[in-house]
Structure formats: structure tokens, C-alpha cells
Amino acid sequence: MQSPLPVRDGVNATRLRLPAEGPWGTALDYMMHRWGHIDPQGIEDRFDAGEIVGEAGIPLDRGTPLQHHTFIWYYRTLPPETRIPVELNILHQDEHLLVVDKPHFLPTTPGGTYIQESALVRLRNQLDLPDLIPMHRLDRMTAGILLLSTNPETRGRYQVLFEKRQVRKEYECVAAARPAPGHPAVDFPVVVRNRMTKSRSYLLAEVIDGEPNTETRIELLEELDGGAGAAPGAAAGGENARALYRLEPHSGKTHQLRVHMASLGLGIVNDAFYPELLDKAPDDYARPLQLLARGIRFVDPITGSPVEYRSRLELSEAR
């Protein structure tokens, strides 16, 4: 549903669905029920200023009956955010697409404590492109190629490519060169398939019984030395040896690549979730997750020509 309010400061207005019935006589009563314990005066001030609107942008006031609108829109008060010390690099821009290298630690879209400090909001403000929308997402801790639509009129043609899995993605990661104890040796290349699920209420994705809904092809590219955590002089093939892998997902579930590598006993370096959930700690910018969206390719629906975009970033543990 199209918002009647424009993007402001790079952020979309918030949409709220009002209940069809209940003990609340007005929209104001319902909002006070939901958030009055946080900022009651601010809610009243917004109604008085006409900053809360319904369908077609009609302003609500304190007396607007609850049943007059199904959806209402308003701008949230954004808390101050500390800037994440990373930068986006623009790789390509035309009348339809924007392609960037997203750094580690920066979320793709606003959420939780990250609003202004998201790739989408930064780029909307930097480039004055309020209609900018990401075509896919990268986890906050994953770096690399991110495609965004700059043109609402052609956006659907690119969205169809993703929906029909006509976009080929390539990732790289640094992980252990040998499986952890209890896991069998791996004969590369290997294809991992399983059924994954993830609820909004739980941090981790889970593998469950059932028809597979995820698939990743994993290829060993290069064995590295022991990495930053290895003892001086550690040789490739030792206990702390690491390797560079190419990952080609044929599905796009949340945390899929991290789960699939961990299932082989090859947890990705600096992964705080898999195979073991670590205690939450402040971001350590010197130890990013060693996972990079290296490339993306597809047949452009506008020109009909094959295109490919490649990240210019490098994983710190692969250097």
C-alpha cells in the first residue's frame, strides 16, 4: 500500500493498522493504549499538528473515530545514532539500478536500533533518491554487492528476476580448512541441501526435517595459513589452518550460507552465531564476519543483455 506521506530524512513513514473494534473510541485513544506510556504529549502534539494521516493523506485530529480509518501513517521520532565507521562504495548507477559495495556491520535496511545507519537511508540521503529500494538484502555482518532500484516504473521487472531465481549470486568466505571434530571429511565441490526455518522471535535459523528448501554449492578455492589467531609460523594444513571458499546459493534463506558452512564443520571465521551462539558483545570492527557477496549476474530485463557486477572488497583473512 502506497504511503500518502513522502520519505523524510531517508526514512519511510510508519504505517499502523487500526483495529476494527475495541474499547477505544478514537484513533488517539488506541495510540495512547499502544504508546502512551512512552510519549503521551508527543502523540497529542502530532494529532494537533495534523502529522498523523489516513488514506489519501487526510489528517486526523484528537476526535477522529477509530472506525474512520483502517490504516494511518506518521513519522517516528528518530533517536540519535552513533555513526558506524564504515563507508559505502558506489560501483554503478544508471536510470534503473544502483550497485554498491556494502561494508560489514552496516544493515541493508532500517530496523531495530539502526535507522539512519543503514545502507538504504544513507544512500537515499547521499544521492537524493527517496524512491530507492533494495532488490535483495545482505545480513548486517555480510559485506559485498548490493543492488537497489532507482526507478519505480521499472522496479517490477527486476523484482521478477529475483522471484524466479534468475539472478546468480556468488559469495566468498574464509573458514576452517578442516572440519571440526565429529564431522566427516568433505569432498569438494559439495552441494548442501536441507530444510531451514527462522522465526522473528529467535536469533538463529534452524535446520528441521522435511523437503529441502535451501541449496548451496560450496567449492574450495585456496588453502591459507593459520590466520590471525594462529600461532607464529603455523603452516597451512595445521590445526588452525583456514581456507577460502566459493559459495553459490540457489535459494535465499536468512543465514543460509552460515548454517550450511557450519553443518560441514567449517564455521565461517568470526561468526558469532554458528556453529555456536556467542554472548552478545559490541561490534569489533577489526574482526568482521569473513563472508563477502562477491558477484551477481543476470540478464538485464531492460536491455536484454547479460550483466555482471563484482565486489571490489577483499576479506581481511584472505589477504
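Helices (H or I, at least four residues) and strands (E, at least two) are DSSP runs, numbered from the N terminus. Keep that in hand for the tour.

**Whole chain.** This is a predicted model: local features need pLDDT of at least 70, side-chain atom pairs count only at pLDDT 80 or more, and totals for chains, interfaces and linings use all residues. Residues are numbered from 1 along each chain as its sequence is written, and side-chain values use heavy atoms, with hydrogens and water left out.

Show the cartoon. The protein has five helices and 13 strands. Its C-alpha atoms fill a box of roughly 75 × 45 × 40 Å along the principal axes. Colour by burial next. Of the 319 residues, 43% are buried (under 20% relative accessible area; exposed is over 50%, partly exposed in between; 1.4 Å probe, protein chains only). Now consider contacts, meaning heavy atoms within 4.5 Å. Among those between residues at least 6 apart in sequence, 63% join residues at least 24 apart.

**Stop 1: α1.** Select residues 27–35. Which residues of α1 are buried? They are Ala27, Leu28, Tyr30 and Met31. These cover an arc of only 160° around the axis, so they sit on the same side of α1; the arc is that of the directions from the helix axis to the C-beta atoms.

**Stop 2: α4.** Select residues 155–163. Arg155, Tyr158, Leu161 and Phe162 are the buried residues here. Look down the axis of α4: they fall within an arc of 120°, so they line one face of the helix. The general rule is that an α-helix has 3.6 residues a turn, so residues three or four places apart point the same way.

What do the buried residues of α4 pack against? Show these strands:
- β4 (97–102) and β5 (133–134)
- β6 (143–149) and β7 (168–176)
- β12 (291–299)

Then step past the helix. Arg165 follows α4, and its phi is positive, near 55°.

**Stop 3: Pro275.** Go to the loop between α5 (256–263) and β12, where Pro275 is found. Is Pro275 buried or exposed? Pro275 is exposed, with a relative accessible area of 68%. Leaving aside neighbours within four places in sequence, Pro275 is in contact with Ala262 and Gly267. Finish with a distance: the C-alpha atoms of Pro275 and Arg258 are separated by 8.4 Å. Those two residues are 17 apart along the chain.
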